[in-house]
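Here are my notes on the model you sent. They are meant to be read with the structure open.

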Amino acid sequence: MITLPVPAKYPAGKTAIAPSILSADLLNLGEKIKQAQEAGADWLHIDIMDGLFVPNLSFGPATVKAIDGFAGLAQDVHLMVENPADFIEPFIKAGASSLTLHIESKGDLKKLLEDVKAHGLKCGVSIKPDTPVKELMPFADLIDLILVMSVYPGFGGQKFLPSSPAQISAVRDIITQTGRPVWLEVDGGINAETASAAVKAGADALVAGNAVFGQSDIKKALSDIRAAAETSI
Ligand code: DX5
Ligand code: ZN
């Protein structure tokens, strides 16, 4: 397992960029991951879908296990599943660097997050566009990452929702109140045009699927997003 960096130790003025393999050419996944690593990706974002929490299926622990250690990139695993309790152990064993659970999913999330941390992984919570940010409060002193969905989860290639910056800045306020080093990662519709709005609202990590792995020139795609993010800080 490769450790996810901590925002407090991150170079000032740098926004982390996490390409999502959901949009990658799966027949050439290894090659594409290497290209993303060479292009300066900070870590990989791995979307896990169960067909219940979202109307789609994607990857499982076997994917994370295959990637673990391959290109030296940490794997930020985003669990879009109804019952995260069923999947914590398999993803820990597979080599996930962090596990992010949706606050809209079922179970004793606090207990599950503590379990993730006890195994040495970073833990996070994710919030859908219509969920009030105050629902994050019970987890604020425990988590390492908050993942704000800037699209309705389930599919790559959707448009960044105009309501997202307000939700991102409300989450930034919560993180500031904790005084803890918590990543504010934004997921959905991020590209060189929308990155700026997310960063200005308070994001310090951006997931990008279609805008990185959906492009033929991964290096250029990533550096365009990075340039847009960094001129917005
Ligand atoms: C959507 C996923 C995202 C997705 C983002 O439910 O959580 O991580 O891969 O893809 P883009 O960047 O194409 O919107
Ligand atoms: Zn995601």
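Predicted model: local features only at pLDDT ≥ 70, side-chain atom pairs only at ≥ 80, totals over all residues.

How are the donor residues of the zinc ion (ligand 2) spaced in sequence?

1. The donor residues of the zinc ion (ligand 2) follow the spacing H-x1-D-x30-H-x108-D. Asp47 lies in strand 2 and His78 in strand 3 (residues 75-80), so this pair ties together parts that are 31 residues apart in sequence.

2. The coordinating atoms come from His45 (NE2), Asp47 (OD), His78 (ND1) and Asp187 (OD), at 2.0 to 2.2 Å. Six donor atoms surround the zinc ion (ligand 2), and they subtend angles of 71 to 168°, which makes the arrangement octahedral. For six octahedral donors the ideal angles are 90 or 180 degrees.

3. Asp47 has a relative accessible area of 4% and is buried. His78 is buried too, at 0% relative accessibility.

4. Helix 1 (residues 29-38) has Leu29, Lys32, Ile33 and Ala36 as its buried residues. Down the helix axis they fall within an arc of 100°, so they line one face of helix 1. Their cover includes strand 1 (16-19), strand 2 (44-49), helix 2 (61-67) and helix 7 (218-230). Just after helix 1, Gly40 has a positive phi of about 100°.

5. The largest nonpolar core has 67 residues, and Ile21, Leu99, Val186 and Leu206 have the most contacts inside it. Helix 7 gives the most to this core, with five residues. Another core, of 13 residues, lies apart from it and includes Tyr10, Leu145, Val151 and Val207.

6. Ile21 links these topics. Beyond its sequence neighbours within four places, its contacts include Leu29 and Ile33, both among the buried residues of helix 1.

Key. Residues numbered from 1 in each chain as written. Chains lettered and ligands numbered in written order. Heavy atoms only, no water. Buried < 20%, exposed > 50% of the residue type's maximum accessible area, 1.4 Å probe, protein only. Helix = DSSP H or I, 4+ residues; strand = E, 2+ residues; numbered from the N terminus. Arc of directions from axis to C-beta. Contact = heavy atoms within 4.5 Å. Core = buried A, V, L, I, M, F, W, Y, C linked by side-chain atoms within 4.5 Å. Donors = N, O, S within 2.8 Å, 3.2 Å for Na, K, Ca; no water. Tetrahedral: all angles 85-135°; square planar, octahedral: opposite > 155°, others 65-115°.
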